[in-house]
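Please keep the model at hand while reading.

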Amino acid sequence: FYDVTIQKKKKVLSKAENAMGSTSSSSLKMKDQQVFVLASRETADVCRDVFEKEFEAVVVVTKTVKETIEKLNNTKKPVGCVVAALGTNKENRLFDDNSSDASALIDAAKALRVHVFVYSHTACMDKNRWMALACEDAGADAVVCSRDSLRDVVTSFLASRTMRRMKSDEN
């Protein structure tokens, strides 16, 4: 499941690399954009490593869905994306209830046109494929479970955005 999503994104990235020269271009940065992370300390550390070092973003770690939504709705700074884990309790659970694929957090982010990436080892397991599908059904842009897959997905989305801008500049 994850590999299919990544392969689609890599095709877009390849086109962008050819048009721009390389992925190290400043157009593939998120300079000073906020990235909201609702996840464990370990996942937050991965996000800091990826977003702050590679994309020049500012990582804001939150503890609850409610806090994340409030910060999303009230920030004056540009938001690059939201990274969320599935959650372990009622306050930080991505889905509104255990049996649903509805997510107030994903809905809030999408209303602001902010990408959402779910970082979950559990959802990436073959036996739990339904979890990854539920995340995408709820509106998540991708489900990832490693530093490399997170970096690849973000790079692909930034490349896609850059390609759209290049096309609109041509018109």
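Helix 2 holds both Asp-49 and Lys-53, which sit four residues apart, about one turn of the helix. The model is a predicted one. Between Asp-49 and Lys-53 there is a salt bridge, and their closest N and O atoms are 3.0 Å apart. Lys-53 has a relative accessible area of 64% and is therefore exposed.

Helix 2 covers residues 41-54 and also contains Asp-45 and Arg-48, three residues apart, again about one turn of the helix. The side chains of Asp-45 and Arg-48 form a salt bridge with an N to O distance of 3.0 Å. Asp-45 is partly exposed, at 41% relative accessibility, and Arg-48 is partly exposed too, at 31%.

## A link between helices 2 and 7

Which residue meets Glu-54 in a salt bridge? The partner is Arg-151, at 3.7 Å from N to O. Arg-151 belongs to helix 7 (residues 147-170) and Glu-54 to helix 2, so this pair ties together parts that lie 97 residues apart in sequence. Both residues are partly exposed: the relative accessible area is 24% for Arg-151 and 27% for Glu-54.

In the whole structure, a search finds eight salt bridges. As a general point, side chains of opposite charge can pair when their charged atoms come close.

## The largest nonpolar core

The largest nonpolar core has 27 residues. Those that touch the most other members are Leu-72, Val-82, Leu-86, Leu-94, Leu-105, Val-118 and Cys-135. Two or more residues of this core come from each of these elements: strand 1 (34-38), strand 3 (79-84), strand 4 (115-119), helix 3 (65-74), helix 4 (104-111) and helix 6 (129-138). Helix 6 contributes the most, with five residues.

What does Cys-135 touch, leaving aside residues up to four places away in sequence? Its contacts are Leu-86, Leu-94, Phe-95, Ile-106, Val-118, Ala-140 and Val-143.

Note on methods. Residues numbered from 1 in each chain as written. Predicted model: local features only at pLDDT ≥ 70, side-chain atom pairs only at ≥ 80, totals over all residues. Heavy atoms only, no water. Core = buried A, V, L, I, M, F, W, Y, C linked by side-chain atoms within 4.5 Å. Buried < 20%, exposed > 50% of the residue type's maximum accessible area, 1.4 Å probe, protein only. Contact = heavy atoms within 4.5 Å. Salt bridge = Lys/Arg side-chain N within 4 Å of Asp/Glu carboxyl O.
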